[in-house]
Amino acid sequence: PNYHDAMRLPIPIAVTMGVFQTLALIPGVSRSGATISAGLLIGCDKRTAAEYSFFMAMPVMVGAFALDLYKNWSMLEFDDLGLIAIGFVAAFISALIVVRTFLGFVSRHGFELFAWWRLVVGAAALAAAFVYGS
């Protein structure tokens, strides 16, 4: 089967993608790369796999924000709430623009460019570590 709607994925498919998300606990493994790869392997189309990967990131980001807020609560002042709200709105709007653009690109061109990009950047990082590492 080919799944075309990220909001209506069957529970076993969603759980499988969630399990693949845990691979990101391994240093160097991309969370989105792991979840998108899982989606493609189990029958999602490119756009659905990428879209669901973004949906899966939301609880992770909310959790990271909540933990950071909890850890730094004592350092905040009332005036900081306005700055946090402005930052949230700006991040939300820019994320909508980027995600929409990315999903459109992936729908038309696929993931090949991103795979090559990771290989090039990874090779450059290894070369830099070899040349400059101690």
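**Helix packing, contacts and surface of a predicted model**

Biologist: Which residues does Thr35 contact, beyond its neighbours within four places in sequence?
Modeller: Thr35 is in contact with Met17, Gln21, Ser53 and Met56, once neighbours within four places in sequence are left aside. Please keep in mind that this is a predicted model.

Biologist: And where is Thr35 found?
Modeller: Thr35 belongs to helix H2, which covers residues 31-41.

Biologist: Is Thr35 buried or exposed?
Modeller: Thr35 is buried, because its relative accessibility is 0% and the cut-off for buried is under 20%.

Biologist: What about Ser53, buried or exposed?
Modeller: Ser53 lies in helix H3 and is buried, with a relative accessible area of 1%. Apart from neighbours within four places in sequence, Ser53 is in contact with Arg31, Ser32, Thr35 and Ile36.

Biologist: How do H1 and H2 cross?
Modeller: The axes of H1 (residues 11-21) and H2 (residues 31-41) come within 8 Å and cross at roughly 145°. The crossing of these two helices is right-handed.

Biologist: Which residues of H1 and H2 meet there?
Modeller: From H1, Met17, Phe20 and Gln21 take part; they meet Arg31, Ala34, Thr35, Ala38 and Gly39 of H2.

Biologist: At what angle do H1 and H3 pack?
Modeller: H1 and H3 (residues 46-72) pack at about 65°, and their axes are 11 Å apart. The crossing of H1 and H3 is right-handed. On the H1 side the contact is made by Ala14, Met17, Gly18 and Gln21, and on the H3 side by Ala49, Tyr52, Met56, Ala57 and Val60.

Biologist: Turning to Leu9, where is its place?
Modeller: Leu9 sits in the segment before H1. Leu9 counts as buried because its relative accessibility is 12%, with the limit for buried set at under 20%.

Biologist: What does Leu9 touch?
Modeller: Leaving out residues up to four places away in sequence, Leu9 touches Tyr3, Met17, Cys44, Thr48 and Tyr52. Leu9 and Tyr52 are 43 residues apart in sequence, and their C-alpha atoms are 8.8 Å apart in space.

Biologist: Now Lys46. Which residues is Lys46 in contact with?
Modeller: Lys46, found in helix H3, is in contact with Leu40, Val106, Ser107, Gly110 and Phe111, leaving aside neighbours within four places in sequence. The C-alpha atoms of Lys46 and Arg108 are separated by 9.3 Å, although these residues are 62 residues apart along the chain. Lys46 counts as partly exposed, at 34% relative accessibility.

Biologist: Changing topic: how many salt bridges does a search of the whole structure find?
Modeller: The search finds 1 salt bridge. The side chains of Arg8 and Asp5 meet in it, at 3.3 Å from N to O.

Biologist: Lastly, which residues form the nonpolar patch on the surface?
Modeller: The patch is formed by Phe88, Val89, Phe92, Ile93, Leu96 and Ile97, which together have about 620 Å² of accessible area.

Biologist: Where does Val89 lie, in which helix?
Modeller: Val89 lies in helix H4, residues 80-109. Val89 is partly exposed, with a relative accessible area of 45%.

Definitions and conventions. Residues numbered from 1 in each chain as written. Predicted model: local features only at pLDDT ≥ 70, side-chain atom pairs only at ≥ 80, totals over all residues. Heavy atoms only, no water. Patch = residues over 30% accessible without salt bridge, like charges linked within 9 Å, V, L, I, M, F, W, Y side chains within 5 Å. Areas by Shrake-Rupley, 256 points an atom, 1.4 Å probe, with all protein chains shown as cover. Salt bridge = Lys/Arg side-chain N within 4 Å of Asp/Glu carboxyl O. Helix = DSSP H or I, 4+ residues; strand = E, 2+ residues; numbered from the N terminus. Buried < 20%, exposed > 50% of the residue type's maximum accessible area, 1.4 Å probe, protein only. Axes fitted to C-alpha atoms, helices over the stretch in contact; angles between N-to-C directions. Left-handed = near helix turned anticlockwise from the far one by under 90°. Contact = heavy atoms within 4.5 Å.
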